[in-house]
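The following exercises concern side-chain pairings in a protein chain. Each task is followed by a solution in steps.

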Amino acid sequence: MAEITAPRGVRDVLPDESWKWAYVLGQFRGLAESFGFSEVHLPIFEHTELFSRGIGDTTDVVEKEMYTFEDQAGRSLTLRPEATASMVRSYLEHHMASGPQPVKLWCAGPMFRYEKPQKGRYRQFWQLDVEVLGSVNPLVDVEIIGLSLELYRRLGMTNLEVVVNSVGCPVCRPAYREALQSYLRPHLGELCGSCRSRFDRNPLRILDCKKETCKAITEGAPDVMDSLCDECSGHFAAVRRGLDLLGARTHIDKRLVRGLDYYTKTAYEVLSGDLGAQNAVCGGGRYDNLAESIGGPHVPGVGFASGIERIVLTMEQQGCSFGRAPSLDAFVVCVDEAIRDEAVKLLYALRREGLGADMDYQGRSVKTQFKTASQAAFACILGGDEAARGVVAVKEMATGNQEELLFDDAASSIRSRLSR
Ligand code: AMP
């Protein structure tokens with residue numbers, strides 16, 4: 001029978017990498033909480049309509065990338081391709097608008113998109129996500145961007161570029177859309193197939209195309225900044241002022257429109273110079289009309305999502321620290337199988353003291369057990385002689401110092417040595 005492997009585009013995060021994820025997640029959690037955000041656990045699947053209405057029918061995500069299935073009762077469900085729509089649904093469903101505003105929430109977890117897998121692009125990937133709901137204040141946009149930049153600073157990431165733009169609002173976007181279409185119309189035949197099909201349905205996305213021919217054509221496209229209404233240009237100026245206050249170096253990229261329809265006003269991305277083609281570590285912006293598009297009242301919102309895989313890839317590339325690799329405090333070396341019971345008792349005494357402790361279960365040679373013990377802070381060596389005398393030989397691996405401790409005191413004594 002053929003061996004079953006993981007489906008294309010999904011990957012196992014094995015122990016040599018998972019501790020790095022835990023570090024990034026821990027830093028993110030601590031930072032988000034310190035900025036006043038609270039965690040929510042959102043469902044992995046939702047009604048398909050949430051995404052088709054929220055993200056937009058004409059986006060690549062909804063058109064081509066969703067994992068949609070019917071459940072036993074014939075409902076159309078979709079594995080979440082992103083978290084924002086779910087967060088807004090949750091805010092509405094739990095009447096969070098009735099409490100103090102804004103509501104600041106964070107979540108982290110896997111997202112699913114049927115994309116062409118490549119380095120840094122997977123079909124299941126993890127996002128760190130923060131959202132502020134219920135405020136139109138541009139300083140909230142600044143808070144979101146500032147949080148992501150502080151996260152990367154704490155993680156030691158460098159060589160990042162922060163690009164910002166405004167994609168306008170329903171008042172000014174139609175005029176820009178028209179100006180863009182007028183500019184592109186004479187070049188329609190030269191655009192790639194996807195861009196041609198975007199021309200009528202979603203022309204702003206043409207600005208985002210990575211194909212060289214399309215990029216060359218859109219180089220001379222009208223600048224969205226020239227079409228912004230007073231409110232949008234005032235908002236953008238206030239966001240830029242706020243970013244200056246933080247000392248954040250950003251630049252405007254008029255092509256930045258982002259792949260999801262719900263963005264209004266601020267759009268931003270953080271790009272890593274060390275990632276190759278899939279260089280976005282973070283994307284976000286304001287989405288003041290998302291709540292309405294999923295059937296709720298008007299609720300302004302702003303947030304970002306950042307991919308853990310790409311953060312870890314960048315950090316590895318840049319030699320950033322992931323904190324201390326996990327290691328054991330103590331390893332019990334059982335020299336004589338006849339006193340295995342004593343060794344097990346010692347192991348659990350160590351664990352009850354809150355220490356990281358382990359032992360061999362495969363009857364390995366003492367030499368091999370010592371090899372494993374060399375990765376722990378202490379080796380607790382137990383042979384027939386020690387067991388008979390009610391002691392254990394404890395060797396500090398870093399110094400090689402060895403001494404005998406009373407069996408009953410060994411665990412607490414190791415703990416106090418470690419906390420010194
Ligand atoms: P988006 O929701 O498309 O704005 O993406 C936000 C962030 O999620 C990106 O900047 C990436 O860091 C990450 N991301 C998006 N799609 C993928 C993917 N297919 N594989 C890995 N990371 C992704």
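Helices (H or I, at least four residues) and strands (E, at least two) are taken as DSSP runs and numbered from the N terminus. The model is a predicted one, in which local features need pLDDT of at least 70 and side-chain atom pairs count only at pLDDT 80 or more, while totals for chains, interfaces and linings use all residues. Residues are numbered from 1 along each chain as its sequence is written, and side-chain values use heavy atoms, with hydrogens and water left out.

**Exercise 1. A buried arginine**

Task: Locate R310 and state which side chain of opposite charge is nearest.

Solution. Step one: R310 is found in helix 11. Buried means under 20% relative accessible area, exposed over 50%, and partly exposed in between (1.4 Å probe, protein chains only). Lys and Arg count as positive and Asp and Glu as negative, whereas His and the chain ends are not counted. A salt bridge is a side-chain nitrogen of Lys or Arg within 4 Å of a carboxyl oxygen of Asp or Glu. R310 is buried but has no salt bridge, and the nearest side chain of opposite charge is E115, 5.7 Å away. Step three: apart from neighbours within four places in sequence, R310 is in contact (heavy atoms within 4.5 Å) with G120, R121, L275, Q278, A280 and V281.

**Exercise 2. Salt bridges**

Task: State how many salt bridges a search of the whole structure finds, and describe the pairs R11–E17, R154–E150 and R415–E353.

Solution. Step one: the search of the whole structure finds 30 salt bridges. Step two: in the bridge between R11 and E17, the closest N and O atoms are 2.8 Å apart. R11 is partly exposed at 33% relative accessibility, whereas E17 is buried at 13%. Step three: R154 and E150 meet in a salt bridge of 2.9 Å, N to O. Both lie in helix 5 (residues 138-154), four residues apart, about one turn of the helix. R154 is partly exposed at 39%, and E150 is buried at 18%. Step four: the closest N and O atoms of R415 and E353 are 2.5 Å apart. This pair links distant parts of the chain, with R415 in helix 15 (residues 410-419) and E353 in the loop between helix 12 (340-352) and strand 13 (357-359), 62 residues apart. R415 is partly exposed at 39%, as is E353 at 26%.

**Exercise 3. Aromatic pairs**

Task: State how many aromatic pairs a search of the whole structure finds, and explain why the pair Y23 and F322 is edge-to-face.

Solution. Step one: rings of Phe, Tyr and Trp (its six-membered ring) pair if their centres lie within 6.5 Å; planes under 30 degrees apart count as stacked, over 60 as edge-to-face and the rest as tilted. Step two: eight aromatic pairs are found in the whole structure. Step three: the ring centres of Y23 and F322 are 6.3 Å apart and the planes stand at 75 degrees, so the pair is edge-to-face. Y23 belongs to helix 1 (residues 15-34) and F322 to the loop between helix 11 (308-317) and strand 12 (330-334), so the pair ties together parts 299 residues apart in sequence. Step four: Y23 is partly exposed at 21% relative accessibility, whereas F322 is buried at 8%. Step five: W19, Y23 and F322 form one aromatic cluster.
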